[in-house]
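Please consult the sequence and the structure shown below while reading.

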Amino acid sequence: MNTIIRQATFDDIENILPMWIKLIEFHSDKNFIFKSSPDYRNKVSDDIKLIMEKPNVVFFVVEHGKKLVGFSSATVSQRPSVFVIKSKGHIGDTYVEDEFRRNGIGSKLISRTVDWLKKQGVQFVDLQVMI
């Protein structure tokens with residue numbers, strides 16, 4: 001079966017939603033800064049849409065057959081004028097379903113995201129990792 005990585009659309013939100021909830025629940029058990037409001041499940045879809053609407057944000061999805069099995073998000077930001085490197089990319093949320101891990105999909109997803117950031121003129125990329 002063919003696996004592709006492509007830029008997400010608003011039509012993908014409902015399929016990103018369960019993966020993002022898994023990511024939220026995983027992190028909320030590990031670090032207090034990810035503690036969610038009691039009604040977070042009702043808000044996640046709207047939050048994803050608001051984030052996707054920002055011109056400096058991109059979401060990529062991993063499509064395996066007709067099923068989404070992963071996603072990543074990245075943001076481009078400008079740094080203060082005191083720094084030589086003016087633009088920064090940040091890769092925040094990245095997720096691959098358990099049964100699709102350990103076969104290079106995550107690496108390809110990050111590479112695709114970094115490529116997009118470079119095309120936006122980003123000179124530095126940081127990757128958020130929570131363990």
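The 19 positive and 16 negative charges of the protein chain have mean positions that lie 7 Å apart. In this count Lys and Arg are positive and Asp and Glu negative, while His and the chain ends are not counted. Each charge is placed at NZ of Lys, CZ of Arg, CG of Asp or CD of Glu.

**Basis and confidence**

The model is predicted: local features need pLDDT of at least 70 and side-chain atom pairs count only at pLDDT 80 or more, whereas totals for chains, interfaces and linings use all residues. Residues are numbered from 1 along each chain as its sequence is written, and side-chain values use heavy atoms, with hydrogens and water left out. The pLDDT is the predictor's confidence in each residue, from 0 to 100. Its mean over the protein chain is 88, with 98% of the residues at 70 or more. Confidence is lowest in helix α2 (residues 40-52), where the mean is 80, and highest in strand β2 (residues 57-64), where the mean is 96.

**Overall form**

The protein chain contains 3 helices and 5 strands. These elements are DSSP runs numbered from the N terminus, helices being H or I with at least four residues and strands being E with at least two. Their order from the N terminus is β-α-α-β-β-β-α-β. The radius of gyration is 15 Å, close to the 14 Å that the globule rule gives for 131 residues, so the protein chain is as compact as a globular protein of that length. The radius is taken over C-alpha atoms, and the rule is 2.2 Å times the number of residues to the power 0.38.

The C-alpha trace spans about 40 × 40 × 30 Å along its principal axes. The protein chain exposes about 8,400 Å², of which carbon and sulfur atoms supply 54%; this area comes from the Shrake-Rupley method with a 1.4 Å probe. Of the 131 residues, 34% are buried. Buried means under 20% relative accessible area, exposed over 50% and partly exposed in between (1.4 Å probe, protein chains only). Among contacts (heavy atoms within 4.5 Å) with a separation of 6 or more, 63% join residues 24 or more positions apart.

Leucine 109 belongs to helix α3 (residues 105-119). With neighbours within four places in sequence left aside, leucine 109 is in contact with Ile5, Phe60, Val62, Phe71, Ser72, Thr94, Tyr95 and Val96. Leucine 109 has 0% relative accessibility and therefore counts as buried.

Alanine 74 is part of strand β3 (residues 67-78) and, at 0% relative accessibility, also counts as buried. Beyond its neighbours within four places in sequence, the contacts of alanine 74 are Asn56, Val57, Val58, His90, Ile91, Thr113 and Leu117.

**Residues in loops**

Arginine 102 is placed in the loop between β4 (87-96) and α3. Its relative accessibility of 88% makes arginine 102 exposed. Most residues other than glycine have a negative phi. Arginine 102, although not a glycine, has a positive phi of about 70 degrees.

Aspartate 98 also lies in the loop between β4 and α3 and is exposed, with a relative accessible area of 52%. Serine 37, in the loop between α1 (13-28) and α2, counts as partly exposed at 29% relative accessibility.

**Separation in sequence and in space**

The table lists C-alpha separations for selected pairs.

| Pair | Apart in sequence | C-alpha to C-alpha |
|---|---|---|
| Leucine 109 and glycine 70 | 39 residues | 8.3 Å |
| Aspartate 98 and valine 69 | 29 residues | 8.9 Å |
| Alanine 74 and lysine 86 | 12 residues | 17 Å |
| Serine 37 and arginine 6 | 31 residues | 31 Å |
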